[in-house]
Amino acid sequence: SYSIGMWIKPDDGRPAAVDYLIGGLESGNTDALLVQLTAAGKIKVAFKADGDPLTKTTDSAVFADGAISDWMHILIVVNITGTNSTIDIYTNGTEEASSVVGGQALSAANHAAYTCNDNIYLAAGNNNGTDTNHFAGEIDEFAIWNIALDADAAAVVGAKVIDLQIPAGNYTSANASALQQYIRFEGSDIAEGINATTFTDPVAGATVRVQNGGAYASTSPPSI
């Protein structure tokens, strides 16, 4: 199980084509992790492990069309529950109603077999080594946990920017200690607009790589 969170502010809440918040597709097309902002303003998550896909999309748009002035926190929680995996999508700490595409079901066994030979890109998709569908906008406070955050923790991290290394309320010490990757885009973390900077990715066993082809990361933490 794992969770991925970030604050985003797209240039267009309903882009002309799909924008990738993160994306990595293994060369054999058997394993993938994609988080997308669709042209309809919805969040779509596609997780594929050992050829077994699970895709989930918010039922409603989370962004209006056109320029976006407010930051939004996106949290994706992928959890092994019993014999299958589930995906939950949160915006600003509240779970969105969402639906699995085409009745897909990802088995726990295949989830555990997930591996990816290609880097997962942040603010773009990696299609077998080729970056595509760059996110146009701002991303901040990117984080990966190696556990499934519960709804109480999601409400805390989605309410305002906090230091995710420090417990706060229902964001517990167990949550903070499960933080595997934390890119704040400030101080020594990373300079704005750096291309092809790599970070350890516990989800894929490869790396997260920042792509800046039309996308950039803000050095100013968002607030709501």
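Predicted model: local features only at pLDDT ≥ 70, side-chain atom pairs only at ≥ 80, totals over all residues.
Student: Why is alanine 112 called exposed?
Tutor: Exposed requires a relative accessible area over 50%, and alanine 112 has 65%, so the label applies. Alanine 112 sits in helix H1, residues 108-112.

Student: What makes aspartate 50 partly exposed?
Tutor: The label covers values between the 20% limit for buried and the 50% limit for exposed; aspartate 50 has 46%, so it is partly exposed. You will find aspartate 50 in the loop between E4 and strand E5 (52-58).

Student: How do you know that alanine 123 is buried?
Tutor: Buried means under 20%, and the relative accessible area of alanine 123 is 6%, so it is buried. Alanine 123 belongs to the loop between E10 and strand E11 (125-127).

Student: What makes the phi of alanine 123 worth a remark?
Tutor: Most residues other than glycine have a negative phi. Alanine 123 is not a glycine, yet its phi is positive, near 70°. Aspartate 50 also has a positive phi, of about 55°, without being a glycine.

Student: Now the rings: how many aromatic pairs are there in the whole structure?
Tutor: A search of the whole structure finds three.

Student: What makes tryptophan 145 and tyrosine 171 an edge-to-face pair?
Tutor: Edge-to-face needs planes over 60 degrees apart; for tryptophan 145 and tyrosine 171 the angle is 75°, with 6.5 Å centre to centre. Tryptophan 145 is in strand E13 and tyrosine 171 in the loop between helix H2 (151-157) and helix H3 (173-177), so this pair ties together parts 26 residues apart in sequence.

Student: How do you know that tryptophan 145 and tyrosine 171 are buried?
Tutor: The cut-off is under 20%. Tryptophan 145 has 1% relative accessibility, so it counts as buried, and tyrosine 171, at 0%, does too.

Student: Which residues have the most contacts inside the largest nonpolar core?
Tutor: They are Ile22, Ile43, Phe47, Ile76 and Phe142, in a core of 35 residues. Apart from it lies another core of 17 residues, with Trp145 among them.

Notes
Residues numbered from 1 in each chain as written. Heavy atoms only, no water. Helix = DSSP H or I, 4+ residues; strand = E, 2+ residues; numbered from the N terminus. Buried < 20%, exposed > 50% of the residue type's maximum accessible area, 1.4 Å probe, protein only. Core = buried A, V, L, I, M, F, W, Y, C linked by side-chain atoms within 4.5 Å. Phe/Tyr/Trp six-rings, centres within 6.5 Å; stacked < 30°, edge-to-face > 60°.
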